[in-house]
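Visitor: I have a file open here and would like to go through it with you. Can we take it piece by piece?

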Amino acid sequence: MSAAPPDAATRWLDIDITVAQGPFRLTVAWRSDERFLGVFGHSGAGKTTLLETLAGLRGGAQGRIVVNGEVWLDSSRGVRQPAERRGVGYVPQDLLLYPHRDVMGNLRAGHRRAVTSGRTAIDERRVIEVLELSDLRRRDVASLSGGERQRVALGRALLSGASLLLLDEPLASLDLPLRRRILPYLVRAGDAFGIPTLYVSHDATEIRVLCAEVLVLSAGRAVALGPPDDVFTGETVLPMARAEGFENILRARVTGMEEGVALAEVEPGCLVRLPGRGLEGAREVAVALRAEDLILSVEPPAGLSAQNVVRGRIREIRETTPVLDATSTAPQQASPAEVLALVSIGETAAGRGVPIVVSITRQACRQLCLSPGRPVHIIFKTQACRILAAR
Amino acid sequence: MMAVDSQLVPLLLSLKVAGCATVVILPPGILVGLLLARRDFPGRSLVETITALPLVLPPTAVGYVLLRALARNGPLGERRLGFDLDLLLTWKGAALASAVMALPLVARTSRVAFEQIDPRLEAMARTMGSGPLRAFVEVTLPLARRGLLAAALLGFSRALGEFGATVIVAGNIPGRTRTLALAIFDDIQTGRDEEALVLVGITVALAFATVWTAELLMRDRPRRVPAGLSRTGPPPA
């Protein structure tokens, strides 16, 4: 973890807490000025405990919580603001919509606080429009689908006059296609309303799409902190993120459209071809690419049907280990068949480019004599690119 | 006309006594129900047991305890308080006796009503700026409404049927403390079987209507938290 910079007074989030819960202990020190922060970790890592401590729903926290300059907790001075004085918009994993109110009644649940606190900048009509809730306004919450409930809970938090949004696995209860459909709503809400947000997830892809900084928790301790692209390709976290198959996230600027294929620029001079459906009129796009779907070549390839050939340089060859298990004390065994090549694309004199993880067999790695510093080409089909969000 | 009067008077008196008893016992009954549903405190099982006692004690025993407490020299008597509560041998005394006897039903029914509500819903209201009391009024009270109404109805029907404690505290004074239950007893004792039967019919009808409604209120819960979304982690402290 990096040391806190001296100008800590300007950070909107400044926490240094310890929460003891029976044998479990959560210790987090975090200062940040990024608006969208991610918290990543497996279940039991302490993610929900962190959110509930910030929300003021858990007693027994020691240390300091300062948000936007307001002291919510300072146990050394006996300051402990109750939940109702903190100004959070909490979306718990099970949403906890009010069953006795309709959708509109839920959206207005925090209206009084929004008015009394003066944080009314977020307009109700705008939230209803962005989250596409207008047809649901008079519906009973019990009759909503999972994705609809999710959007209502998000809307309720946005309209509650919160100065900090706490989203706990907002997509975990949804099936995968639905998750990918709701994700753009989160991106849009983040863009449109800009409330500082803590986003908890065990899905690395979501965090990489949404967040500018990520804290990784394992068994109550922070094991990594930094920009998601670096953290998730780092040595400690990559094995954790690989649990559900590692996805590389490319952010690109859409530059054109040709026969249903979109052209997009990842870095200056680094063009990719993406499936064009849904990208008409989009300016920016986030794309997922599975590490297993990528091919490496040491020569410039010719005569391929695959449309994307991106030049890069090998940063690192890494042994793979099974998924990091926080409870296991046994030494982690390297996987015999597979290695990971960490390739930088779009490197310039100024920037180190975007790290891309490519999963290859150990045999292939040996045959191509791959080693750090070696220029390579990454090859992938347009169809292997999955559009996550566009704006 | 005489016969109708003799049935109407105890009926109206019974409705008045049971109505007042319900009003009197509802606040403490709901409070006990809420405490038992939500809080863990020292002496919890003691409170549980004491509130259940009127359910199993002979009503005459409860009546006698009240009688001693309210007597001139008792802890709630004229000498101790400096004034007379005027409960002995009055309809108000009958209401108090019925109220005490109705406490277990009111407390238990409201406890069940509160237990069916996820306390984390109130926690959500707290995060959105509502203090503990407002959160209770905004979330828990409306969600418990039907169950609390059932508690009131069950308490009312229990008070309507009260006999033993009432006769000890309030006596059996025609027109003043002779409720339906006492009138039935009186009619049987004096061999007026037909009058007794009419009164029994009235009480059965009343009890049936209230208990039926209470059961409906407790069973029919059209708005519940959608199933399939399980909570994770321990509840907030």
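Guide: We can go through the chains in turn, bearing in mind that this is a predicted model.

Visitor: What is the secondary structure of chain A?

Guide: Chain A comes to 10 helices and 21 strands.

Visitor: What radius of gyration does chain A have, and what would a compact globule have?

Guide: Chain A has 22 Å. A compact globule with 391 residues would be near 21 Å, so the two agree. The C-alpha atoms fill a box of roughly 65 × 50 × 40 Å along the principal axes.

Visitor: How much of chain A is buried?

Guide: Buried residues are 42% of the 391 residues. As for contacts in chain A between residues at least 6 apart in sequence, 70% join residues at least 24 apart.

Visitor: Which domains does the assignment give for chain A?

Guide: The domain assignment gives domain 1, residues 8–237, and domain 2, residues 247–390. Their C-alpha centres lie 31 Å apart. The contact between them takes 12 residues from domain 1 and 11 residues from domain 2.

Visitor: Which helices supply the domain 1 side?

Guide: On the side of domain 1 of chain A that touches domain 2, α6 (176–193), α7 (204–210) and α8 (228–233) of chain A each supply at least two residues. The largest share of that side, four residues, comes from α6(A).

Visitor: Why is A:E213 called partly exposed?

Guide: A:E213 has 19 other C-beta atoms within 10 Å, and a residue counts as buried if there are 20 or more.

Visitor: And what is A:E213 in contact with, away from its sequence neighbours?

Guide: Leaving aside neighbours within four places in sequence, A:E213 is in contact with A:S32, A:E34, A:L37, A:G38, A:G226 and A:P227. The C-alpha atoms of A:E213 and A:I360 are separated by 28 Å, and the two residues are 147 apart along the chain.

Visitor: On to chain B. How many helices and strands?

Guide: Chain B has 10 helices and zero strands. The C-alpha trace of chain B spans about 65 × 45 × 30 Å along its principal axes. Buried residues make up 42% of its 237 residues.

Visitor: What about contacts in chain B with a separation of 6 or more?

Guide: Residues 24 or more positions apart account for 76% of those contacts.

Visitor: Which residues of α3(B) are buried?

Guide: They are B:V62, B:G63, B:L66 and B:L70. Seen down the axis of α3(B), they fall within an arc of 100 degrees, so they line one face of the helix.

Visitor: Why would that spacing give one face?

Guide: An α-helix has 3.6 residues a turn, so residues three or four places apart point the same way.

Visitor: What do the buried residues of α3(B) pack against?

Guide: They pack against α2 (44–56), α5 (91–115) and α8 (164–170) of chain B.

Visitor: How covered is α5(B)?

Guide: Mostly: 23 of the 25 residues of α5(B) are buried. A kink of about 45 degrees lies at B:A102 in α5(B), shortly before the proline B:P104. The end C-alpha atoms of α5(B) are 35 Å apart, which agrees with the 36 Å its 25 residues should span at 1.5 Å a residue.

Visitor: And how far apart are the end C-alpha atoms of α7 in chain B?

Guide: The ends of α7(B), residues 132–160, are only 36 Å apart, short of the 42 Å that a straight helix of 29 residues would reach. There is also a kink of about 60 degrees in α7(B), centred on B:R145.

Terms used: Residues numbered from 1 in each chain as written. Chains lettered and ligands numbered in written order. Predicted model: local features only at pLDDT ≥ 70, side-chain atom pairs only at ≥ 80, totals over all residues. Rg over C-alpha atoms; globule rule 2.2 N^0.38 Å. Buried ≥ 20, exposed ≤ 12 C-beta atoms within 10 Å, placed from the backbone. Contact = placed C-beta atoms within 7 Å. Arc of directions from axis to C-beta. Expected span 1.5 Å × (residues − 1). Bend = angle between axes of the 7 residues up to and from the residue. Domains from an automatic or database assignment.
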